[in-house]
Amino acid sequence: MLAAGLGTRMRSRRPKILHDLCGRPMLAYVLDAARAATGTTPLVVYSPHTAALCEAFAGQAEFALQDEPRGTGDAVRAALVALPAEVSEVAVLSGDTPLLQASTVTAVLEARRAAEAAVAITTVRLDDPTGYGRVVRDGPQVARIVEEKDASEDERAVDEVNAGLYAFDAAWLRRAIGGLAPSEATGELYLTALVEIARRDGRAVAAHEHDDELELGGINDRVQLATAEAELRWQLIERHMLAGVTMTDPLSVYLDATVELAEDVTLEADVVLRGATRVGRDSVIRSGSQLVDSVVGEGCLIWASVLESATVEDGAVIGPFAHLRPGAHVGARAEIGNFAEIKQARLGRGTKQHHFSYIGDAEIGADVNIGAGTITANYDGQAKHRTVIGDGAFIGSDTIIRAPVTIGEGAYTGAGSVVTKDVPPGKLAVGVPARIRERTRAAGPPGASAADAAAAATTEADPASDEEPA
């Protein structure tokens with residue numbers, strides 16, 4: 001696989017073949033096609049300029065260094081040095097063709113075998129062949145490939161071009177590669193010159209004429225990169241819809257290739273799903289949501305919210321306008337509402353954090369109510385501290401919890417309280433700083449809500465108590 005080129009037309013400090021398409025580097029797609037077609041680990045030719053790919057694809061490919069950019073022929077020479085001696089057939093692919101399919105690689109290999117040819121090339125006919133090497137035929141036989149810089153006017157008029165995908169008899173290739181001479185125009189060693197060498201050797205040159213120019217097109221600039229990404233994205237969207245995913249406006253959905261969607265997931269317009277995101281059956285992702293490296297269970301609703309490295313269990317409701325930051329874990333059937341933010345915190349089953357609140361570095365139990373304006377003050381300027389809130393607790397509006405603090409099961413905090421010490425189970429903490437009270441009417445009148453009960457308990461607390469502040 002040829003991946004040593006500078007890619008100067010990308011106008012980027014990053015190697016061309018490491019630019020992303022749908023969340024994966026360009027080269028990753030070509031590696032997939034090569035592995036699927038050959039069943040072997042690809043050998044990637046790199047240069048000092050593209051050395052970063054060795055780390056990016058460690059364990060996914062073998063590597064051979066082309067120390068100077070002396071053309072495609074020299075790149076294949078470098079590859080042959082690293083190739084095991086028992087290899088009998090070689091396919092040569094370009095690392096900048098991310099739309100390439102394994103079936104096309106298989107087709108050129110089969111064309112070489114069928115003709116017992118030294119070389120098989122892949123060709124395509126273009127309305128505008130500018131920039132491509134022209135395929136010159138002698139009747140039905142391929143006579144040579146002429147690079148545009150070296151082509152005559154008549155040869156430039158030829159519409160059949162070299163697509164840069166080859167198959168070789170490996171034994172012949174090892175003998176012939178040393179016969180390549182530098183081009184007079186550029187001084188490079190052209191791999192395409194092997195076609196003429198094969199003909200001089202009396203060997204056949206096979207051609208597989210392909211009908212999809214987009215699939216074989218190389219990426220040279222950012223316009224072509226965007227065109228290829230649009231094609232890849234549509235392929236992904238089509239695959240998911242055929243597998244049972246509903247998309248109300250497919251063209252406005254942005255998916256990475258690494259995203260997993262179960263049957264009966266619904267994606268509304270203007271949804272972005274990135275990285276290792278997984279969405280379970282029957283979940284709905286509403287307009288304006290962005291999910292990055294996050295896991296959403298079954299039957300969830302995510303509405304106009306941002307999730308980053310977060311987990312949402314079955315039946316939970318998130319949003320609108322919630323922000324789940326890395327480490328957020330929302331339990332089954334929990335509800336996270338408007339302008340609620342969670343970071344490095346776990347919320348239990350059925351817990352509600354409806355609006356205008358921040359929960360960070362915390363362990364929240366089941367069926368807890370987090371009132372509006374609640375903040376876990378987790379950072380003291382030097383270190384982060386954790387808050388623990390037990391099952392069934394009720395946190396009143398505008399409560400500030402200065403971590404580290406534990407609020408016991410069934411405990412309450414009054415509205416506007418600043419909690420600086422632990423609150424025992426079933427107790428009430430009110431005031432600034434908060435003091436512990438008994439909840440004399442915790443249940444409230446028949447049919448009262450938890451909020452009513454908290455208000456009643458706060459009203460009946462003894463404001464003159466000298467108990468230790470919490």
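**Entry 1: Arg77 and Asp74**

I looked up Arg77 and Asp74 in this predicted model and found them 3 residues apart in helix 3 (residues 72-82), which means that about one helical turn separates them. Helices (H or I, at least four residues) and strands (E, at least two) are DSSP runs, numbered from the N terminus. The two side chains form a salt bridge, with N and O 2.8 Å apart. I noted the criterion: a side-chain nitrogen of Lys or Arg lies within 4 Å of a carboxyl oxygen of Asp or Glu. In general, side chains of opposite charge can pair when their charged atoms come close.

I then checked exposure, where buried means under 20% relative accessible area, exposed over 50%, and partly exposed in between (1.4 Å probe, protein chains only). Arg77 is partly exposed at 33%, whereas Asp74 is buried at 3%.

**Entry 2: Source notes**

I recorded that residues are numbered from 1 along each chain as its sequence is written, and that side-chain values use heavy atoms, with hydrogens and water left out. Because the model is predicted, local features need pLDDT of at least 70 and side-chain atom pairs count only at pLDDT 80 or more, while totals for chains, interfaces and linings use all residues.

**Entry 3: Asp256 and Arg274**

I next looked up the salt bridge between Asp256 and Arg274, whose closest N and O atoms are 3.1 Å apart. This pair links distant parts of the chain, 18 residues apart: Asp256 sits in the loop between strand 12 (254-255) and strand 13 (260-261), and Arg274 in strand 15 (residues 272-274). Asp256 is buried, at 6% relative accessibility. Arg274 is partly exposed, at 30%.

Arg70 is partly exposed, at 29% relative accessibility. The structure holds 24 salt bridges.

**Entry 4: A nonpolar patch**

I turned to the surface, where Phe321, Phe339 and Phe356 form a nonpolar patch with about 350 Å² of accessible area together. Such areas come from the Shrake-Rupley method with a 1.4 Å probe; for residues, only the protein chains shown count as cover. Patches are made of residues with over 30% relative accessible area and no salt bridge; like charges are joined within 9 Å, and nonpolar side chains (Val, Leu, Ile, Met, Phe, Trp, Tyr) within 5 Å. Phe321 lies in the loop between strand 23 (317-318) and strand 24 (323-324), and is partly exposed at 47%.
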